[in-house]
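Work through these exercises with the structure open beside you. Try each task before you read its solution.

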Amino acid sequence: MPRIYLDNAATTRLDDEVLQTMLPLMTENFGNPSSIHAHGRQVRSAIERARKNIANLLNASPSEIFFTSGGTEADNTAIICSIDTYQLKHAITSPTEHHAVLHTLEHLAKQGVIELSYVKLDEKGRVDVAHLEELLSTKPRTLVSLMHGNNEIGNLIDLKQVSEICKKYNAIFHSDTVQTMGHYTHNLQELSIDFIVGAAHKFHGPKGVGFLYINANNKIHPFIHGGSQERNMRGGTENVYGIVGMAKALEIAYRDMEAHKNHITRLKSRMIEKLKANIPGVTFNGDSADVENSLYTVLSVSFPPSEDNDMLLFNLDIAQISCSGGSACSSGTDVGSHVLGALNVHPGRGNVRFSFGKYNTEEEVDKVIDVLTEIYAKNVLA
Ligand SMILES: Cc1ncc(COP(=O)(O)O)c(C=O)c1O
């Protein structure tokens, strides 16, 4: 059996249809979209078609979509530029956000630009919305940054509920939707939200490209100064093939969403059932085992204490299984997951994030279960 890839929250395999759409923009259609001659115009129209297609899928206006180098840049732009433009002095986030949000806000707090508050979470990592309201009612105009779907534990927030609370207190609301974009529909006509983001490589598009949705009511300062690209919001020659590939990937994601959601949910349920049946003492972090109410792509598993837990990811890797201990974005650093830390997960347990995608199969799940069953048949500490 070929290697098994269960790390789709880190990144996904490029869809072949997407690759075919991108190839001509790497070869014959190579013009600079800012050039006014025919080579340039042809590429400019490909970018604007991509913008329109993405906007249509999200029920937004093309003028609300700005292309970026990925999720991190989109998050940084929303946070830094809204705080700067509106001279905000306070922000609220949660300790389980992605570092693209957390480190950006912490940097601004350290510089004394803002005061930063953290919303309370329960033991499952769920946001305490009553505490959010309490914070909003006592602070000056605030930026709220709360992610839609957590990349490590799969918790989801109710975007509509949070956006209504933010509206009530005249707060600016940014949501990091990197993990839900292309996996759930986002209807921006029905949501009162200022900023959401997408990263193409999380939905079978190319790496190094993403977008920021900026609600038309907001006119924020640019993040990258330079040429007049992206209507003066982001200088720099556009990642043309990336943008066109991203639009195609999102189109496919929306087209096939129901089928993929059903397929992936079945895989996740199978994994949960088999883990429970084969590994005594296994538990699940956050909401991820609540199949109906969590990100269907993510399962965060907590294995019982074992002498081999330190080597768990290594042993899975040797057994031809690619998965992740926390968020792969920080792998290589030796720091434990800040998300699991915020949940007070017992340090002696072995934590693995399995994240599923449309190319995974039931046979792969069964193989992973066989490997894990063998690992935990020995060495489990009393
Ligand atoms: C929730 C979340 N936000 C932001 C990012 C960063 O996106 P990118 O890698 O495109 O910069 C990631 C990537 O793992 C993510 O999972």
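**Exercise 1.** Which residues of β12 are buried on one side, and which on the other?

*Solution.* Take one face: G350, V352 and F354 are buried. Now take the other: N351, R353 and S355 are buried too. Buried means under 20% relative accessible area, exposed over 50%, partly exposed in between (1.4 Å probe, protein chains only). In a regular strand, side chains alternate between the two faces of the sheet. Count up: 6 of the 6 residues of β12 (residues 350-355) are buried, so this strand is largely enclosed by the rest of the structure. Strands (E, at least two residues) and helices (H or I, at least four) are DSSP runs, numbered from the N terminus.

The model is predicted: local features need pLDDT of at least 70, side-chain atom pairs count only at pLDDT 80 or more, and totals for chains, interfaces and linings use all residues. Residues are numbered from 1 along each chain as its sequence is written, and side-chain values use heavy atoms, without hydrogens and water.

**Exercise 2.** How many bridges join β10 to β12?

*Solution.* Find β10 at residues 298-303. It is joined to β12 by 6 bridges, and the two run antiparallel. Pairing takes at least two bridges found by DSSP.

**Exercise 3.** Which residues of α12 are buried, and where are the exposed ones?

*Solution.* List the buried ones: E364, V365, V368, I369, V371, L372, I375 and Y376.
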